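Please consult the sequence and the structure shown here alongside the text.

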Amino acid sequence: MTHPLGSPPSKIIAVHLNYPSRAKERGRIPAQPSYFLKPPSSLAGTQEAIVRPEGCELLGFEGEIALVVGARAQRVRPEDGWQHVRWVTAANDAGVYDLRYADRGSNLRSKGADGFTPIGPRLLDARRIDPAALRLRTWVNGELVQDDTTDTLLFPFGQLIADLSRLVTLEPGDVILTGTPAGASVVSPGDLVEVEVTGGGLSTGRLRTPIAAGPVLETYGAMPKTDPAEREAAYGTAYAPEPLLDKHIEEGLRSVAVATISAQLRGRGLPHMSIDGVRPTQPSSTMVGVAHTLRYLPLREDLFKQCGTGMNAQKRAIEELRPGHVLVMDARRDTSAGTLGDILALRAQQRGAAGIVTDGGLRDSAAVTALGLPVHHGGEHPSVLGRRHVPWDTGVPIACGGALVQPGDLLVGDADGVVVVPPDLAGELIADCREQELRERFITEQVQAGHGIDGLYPLGPDWREPYEQWRKQQSTQGESA
């Protein structure tokens, strides 16, 4: 493959997040830059196709500004960083999200394939341009999809050079991909991606990259797979995912009481489906959603700094939420420390969460209640989670309030509590719950009329015919209404 650098660099370093617009899409603003490596063999030039392996559906493009190091950099200061840049050019940091799970964090196979880093077509002399006055634009099939400038970067180019050179010697020819703005999304075979960088009256020209279909991967290692979270990450704001829960199922579960659902589950041999010991912040609201799980383990001080700080499992769980999710936390029923506060509850609400359930403590309870988001919790407590808990992992089966909850289970909550509903039982449960509640309504009317409960509650043989007649009347009245 040909590219404007000629000889390959010793390394390609890519920044995860650097544009505020992209950080807003991702829902987080990093305090410091973070990076991953791409192999030099991933370089390509303009007009060279990016090949999407058969079986992959989420080939993402990311228009970026690439810096080419001109002078060896080792422990340089931020104000001197730009002096070590020789060239600036356009780049496309391509990747297949279908393989991101296989090398989580390193992105080796998802972003390191041959041809997945096209750059060019022209190199701009860094000495002739202002690094804070560059414009980056990306087109897909002629439509402008990314347009941003470098005057608001989270981490200016000089800082990137200084940060990296503290520990990694940057050699002449090394390439630094400086992050992508909002608008990065997914392309398919037959599409054309174009990226251009301009500044100081200069232009790289358009880096043109056609997308082509490739052969199937051999089964020697991890194979492509996707899930809703990866699709959302790949498509960004352009993707409107399918609802997690069928609308009719959601409306059906919302129309019946948790107590009725619990009784029906018990009648099916499932008596341990209630999440015990939790109370609602919104007793008048009904919560219905799909479980996304988070597990806490007991505090171990030597592990908390490693596992409990930064973008830990608790924060990842919040950012993984999709509209319709209920975040379910396993805190081992230990309510002597908070497992949720107002800021994370607000973020969960912004992510579209249908509710939160924790068998641990709730901080900032008044502020959380004021949000209006249904939260069921084990009790109020003022302390942070580090007093008792280490956030450990997400998306795994957990125990919450004595109930086993798997990712994808359905959660229904009201003033009486929360129950776990196996998804495959939801349809028949709704029908039987409605029948049970209709029967109990009939019984209530008879008790109000002065009848005793012997033989009436539960409905005995002598009351079956009167009930059926009453039921028909209700049906007729409903139709006429």
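The structure is a predicted model.

**Strand pairing**

- Strands of a sheet pair through backbone hydrogen bonds, in either a parallel or an antiparallel sense.
- Strand β9 (residues 117-125) runs parallel to strand β3 (residues 43-44), to which 2 bridges join it. Thr 117 in β9 is the bridge partner of Leu 43.
- Strand β9 also pairs with β7, here in the antiparallel sense and through 4 bridges. Leu 124 in β9 is the bridge partner of Val 88.

- Side chains of opposite charge can pair when their charged atoms come close.
- Glu 194 and Arg 208 form a salt bridge in which the closest N and O atoms are 2.9 Å apart. This pair links distant parts of the chain, 14 residues apart: Glu 194 belongs to strand β14 (residues 192-199) and Arg 208 to strand β16 (residues 207-216).
- Glu 194 is classed as buried because its relative accessible area is 7%, under the 20% limit. Arg 208, with a relative accessible area of 32%, is partly exposed.
- Arg 254 and Glu 250 meet through their side chains in a salt bridge, at 3.0 Å from N to O. Both residues lie in helix α6 (residues 247-254), where they are 4 residues apart, about one turn of the helix.
- Arg 254 counts as partly exposed at 36% relative accessibility, and Glu 250 is partly exposed with a relative accessible area of 28%.
- Glu 380 forms a salt bridge with Arg 279, with 2.7 Å between the closest N and O atoms. The two are 101 residues apart and link distant parts of the chain, Glu 380 being in strand β25 and Arg 279 in strand β18 (residues 279-280).
- Glu 380 counts as partly exposed at 43% relative accessibility; Arg 279 is partly exposed, with a relative accessible area of 39%.
- One network of salt bridges with shared partners joins Arg 22, Lys 38, Glu 62, Asp 93 and Lys 111.

**Asn 18**

- Asn 18 is located in the loop between β1 (12-15) and α1 (20-26). Asn 18 counts as buried because its relative accessibility is 0%.
- The side chain of Asn 18 reaches the backbone nitrogen of Phe 155 at 2.7 Å. A polar atom of this side chain also lies 3.0 Å from the backbone oxygen of Thr 178.
- Leaving aside residues up to four places away in sequence, Asn 18 touches Leu 153, Leu 154, Phe 155, Leu 160, Thr 178 and Gly 179.

**Trp 87**

- Trp 87 is part of strand β7 (residues 85-92). Trp 87 counts as partly exposed, at 27% relative accessibility.
- Beyond residues up to four places away in sequence, Trp 87 touches Ala 66, Leu 67, Val 68, Leu 123, Leu 124, Asp 125 and Ala 126.
- Although Trp 87 and Val 175 are 88 residues apart in sequence, their C-alpha atoms are 9.5 Å apart in space.

**Surface patch**

- Ile 453 lies in the loop between α12 (426-448) and α13 (461-480). Ile 453 counts as exposed because its relative accessibility is 52%, over the 50% limit.

Terms used: Residues are numbered from 1 along each chain as its sequence is written. This is a predicted model: local features need pLDDT of at least 70, side-chain atom pairs count only at pLDDT 80 or more; totals for chains, interfaces and linings use all residues. Side-chain values use heavy atoms; hydrogens and water are left out. Buried means under 20% relative accessible area, exposed over 50%, partly exposed in between (1.4 Å probe, protein chains only). A salt bridge is a side-chain nitrogen of Lys or Arg within 4 Å of a carboxyl oxygen of Asp or Glu. A polar contact is a pair of N or O atoms within 3.5 Å; within protein, one must be able to donate a hydrogen and the other to accept it, and residues adjacent in sequence count only if both atoms are side-chain atoms. Contact means heavy atoms within 4.5 Å. Two strands pair if DSSP finds at least two bridges between them.
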